[in-house]
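User: I want to learn how to read strands, helices and ring contacts in a model. Can you take me through them?

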Amino acid sequence: MTRASVLFGSTLLAGGLVLSGCTGVDTGDPGTEPVTVPPPVGGDDGAAEADGAEGSGNPDGTEAPGGGTDAEVPSQYAGPLAAVAAAEEETGGTAFEIDSDDGAWEVHVAVGDDEIEVRVDSTGQEVLGTEREGGLDSDDREGLEAAQISLSEAVVIAINESGASGPLDDVDLTREDGRHAWDVNFDDLEVYVDVTDGSIIKIDD
């Protein structure tokens with residue numbers, strides 16, 4: 001075999017390897033069952049970044065209470081979870097508050113030192129608008145700096161650990177029993193999730 005033939009064959013093989021790596025586009029639909037939690041957007045505002053460990057919401061690769069990022073939840077919660085993901089993707093920041101308003105979701109996102117409100121439709125598929133709300137509140141900043149559990153992960157943990165079945169009303173950062181917590185409000189109960197380890201601090205019926 002000639003040297004030219006060897007080079008030609010090597011070129012074809014390399015081209016085939018490159019093309020074979022172009023598959024695997026994610027076509028998942030957040031509105032279909034089962035619903036899984038999208039990984040949090042990484043940033044420099046103190047919130048934890050996803051490390052790529054499967055089933056893990058914690059930086060050490062262990063699975064977060066309630067199932068971490070791979071936990072499944074009822075499809076009725078697809079809208080708010082998708083809205084959080086859409087708002088973070090739109091702004092490149094980290095969501096720290098969400099509430100329902102006139103058939104849409106208002107998601108508050110920390111982007112550097114700024115608070116951005118992102119309005120997303122009820123399905124979580126369409127960003128309707130964004131607005132800068134001003135500087136990030138110091139309490140919210142402290143909560144985000146302490147957080148190892150994202151807002152979306154906290155919702156899933158609250159559902160799995162409390163047995164909540166009502167619609168999600170809102171989620172925000174607060175302090176409970178001296179600890180930073182995600183305050184996850186459903187129609188039927190309120191769940192406080194520790195931002196550092198995902199443990200349940202308290203459930204109010």
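Analyst: We go through hairpins, a helix and an aromatic pair. This is a predicted model, where local features need pLDDT of at least 70, side-chain atom pairs count only at pLDDT 80 or more, and totals for chains, interfaces and linings use all residues. Residues are numbered from 1 along each chain as its sequence is written, and side-chain values use heavy atoms, with hydrogens and water left out.

User: How many bridges join strand S3 to S4?

Analyst: Start with the terms. Helices (H or I, at least four residues) and strands (E, at least two) are DSSP runs, numbered from the N terminus. Two strands pair if DSSP finds at least two bridges between them. Here S3 (residues 94-101) and S4 run antiparallel, joined by seven bridges. Asp101 stands opposite Ala104 in S4. Two residues lie between the strands of this hairpin, and Asp102 takes a positive phi near 50°.

User: Which residue in the turn between S4 and S5 has a positive phi?

Analyst: Gly112, at about 60°; this hairpin has two residues between its strands. Eight bridges join S4 to S5 (residues 114-121), again antiparallel. Ala110 faces Glu115 in S5 as its opposite residue.

User: How many residues of S4 are buried?

Analyst: The general idea is that side chains in a regular strand alternate between the two faces of the sheet. Buried means under 20% relative accessible area, exposed over 50%, partly exposed in between (1.4 Å probe, protein chains only). In S4 (residues 104-111), seven of the eight residues are buried.

User: What span should H2 have?

Analyst: The expected span of a helix is 1.5 Å times one less than its number of residues. For the 14 residues of H2 that gives 20 Å, and the end C-alpha atoms are 20 Å apart, which agrees. Ten of the 14 residues are buried, including Pro80, Leu81 and Glu88. Gly92 follows H2 with a positive phi, near 75°.

User: How many aromatic pairs does the structure hold?

Analyst: Rings of Phe, Tyr and Trp (its six-membered ring) pair if their centres lie within 6.5 Å; planes under 30 degrees apart count as stacked, over 60 as edge-to-face and the rest as tilted. The structure holds one such pair. Tyr77 sits in the loop between S2 (72-73) and H2 (78-91), Phe186 in S8 (residues 179-186), 109 residues apart.

User: Is Tyr77 buried or exposed?

Analyst: Tyr77 is buried, because its relative accessible area is 1%. Phe186 counts as buried too, at 4%.
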